[in-house]
Amino acid sequence: MGAQKSIHAGKAKIDVNVDFTHKLCASLMLPSLRNTGSPLSLIIGSLCIKHPNLFGGSEKLDVSWDKGLSDSNVSITYRRPRPEWLCQKCFVIQHSFSPEIGVHGTPIDNFSRSGSGDVNLSRLSVGLDRNEPASSDWSSSTSIKFEHVQLVNDDGRSITRDIDGFPVTCSGSPHDSMLVLKQESQFAKANDHSFSRFSMQIEQGIPILSKWLIFNKFKFTATKGVKLGPAFLLASLTGGSIVGDMAPYQAFAIGGLGSVRGYGEGAVGSGRSCLVGNSELTFPLVCKASWYL
């Protein structure tokens, strides 16, 4: 069920997009990894509200809500108008809820998928994003955000340890708090026969209070794709490391579609540092179908 509506509020036009679906057959086709006692738990969809002129000076307000079978995300973004040649700034409030399958997940189906292991992340972040003007093939962004991360089980109760007795936070309490300064740079270049992409992220935990996490996290991803006749060769290298305090959910997880295919997220392993390389060769398949009435 989807709907799109524009509402006029004074001189501004508010765009509202709604898209909801009730997954009645989800429990029959793919049994849910979480308890779905309520009919509302089988509802997935999204809601988006945009106000292009909040205070009469072209200030933009975006409110979005996305819900899946076992995860959800709510985001509120406020932007003030700035010329394109200047950096773009926005104030962001975000809350997300998702199963923590990268580290505490339980591999199932011969390690091809991962269950939540009764551990879920409830993350609230408040801060500023700053996007630099794109220069040639490079783009960069900087953000500083306060993050409050709480670990809960499938019933919504706070937990400090997983089903095996291992801690799920760095502080030992049901939640972690941190102020994170993040710098991200990306390079992308493509033509008709190949493409190259490189991204680098650096996160620094700033301990304004003694109980807040202090760490430095570095991650990079390099990808190269080349067309070889009808086939396409794709190679990638991903790596990173964390120095200082590390909560278990911050660890690098190996496995999944973006890492090692055939394994669920984190099913291969996880740790403070990682280096993963892979390559794929794909061929197009031509299928012909005939329909008769």
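Select β11 and β12: the two strands form a hairpin, with three residues between them. Strands here, like helices, are DSSP runs numbered from the N terminus (E, at least two residues, for strands; H or I, at least four, for helices). The model is predicted: local features need pLDDT of at least 70, side-chain atom pairs count only at pLDDT 80 or more, and totals for chains, interfaces and linings use all residues. Numbering starts from 1 along each chain as its sequence is written, and side-chain values use heavy atoms, without hydrogens and water.

**Along the hairpin**

Stay on β11 and β12 (residues 194-206). Twelve bridges pair them in the antiparallel sense. Pairing requires at least two DSSP bridges between two strands. Pick Ser 185: Met 200 in β12 stands opposite.

**Across to β10**

Select Trp 138, and find Phe 187 of β11 opposite.

**Into the core**

Next, show Val 149, Leu 151, Met 178, Phe 215 and Tyr 249. In the largest nonpolar core, which has 19 residues, these touch the most other members. Suppliers of at least two residues each are β10, β11, β15 (252-254) and β17 (273-282). A core here is a set of buried Ala, Val, Leu, Ile, Met, Phe, Trp, Tyr and Cys residues joined through side-chain atoms within 4.5 Å. Buried means under 20% relative accessible area, exposed over 50%, partly exposed in between (1.4 Å probe, protein chains only).

Centre on Tyr 249. What does Tyr 249 touch, not counting residues up to four places away in sequence? The list is Glu 100, Leu 121, Arg 123, Val 149, Leu 151, Val 168, Asp 176 and Met 178. Contact means heavy atoms within 4.5 Å.

Switch to a surface view. Select Ile 76, Phe 91, Ile 93, Leu 124, Val 126, Leu 128, Ile 144 and Leu 181: they make a nonpolar patch of about 570 Å². β6 (88-99) and β9 (120-131) are the elements giving two or more residues to the patch. β9 gives the most, three. Patch residues have over 30% relative accessible area and no salt bridge; nonpolar side chains (Val, Leu, Ile, Met, Phe, Trp, Tyr) are joined within 5 Å, like charges within 9 Å. A salt bridge puts a side-chain nitrogen of Lys or Arg within 4 Å of a carboxyl oxygen of Asp or Glu. Areas are Shrake-Rupley values with a 1.4 Å probe; for residues, only the protein chains shown count as cover.

Zoom in on Val 126 in β9. Val 126 counts as partly exposed because its relative accessibility is 30%.

**Zoom out**

Of its 293 residues, 31% count as buried.
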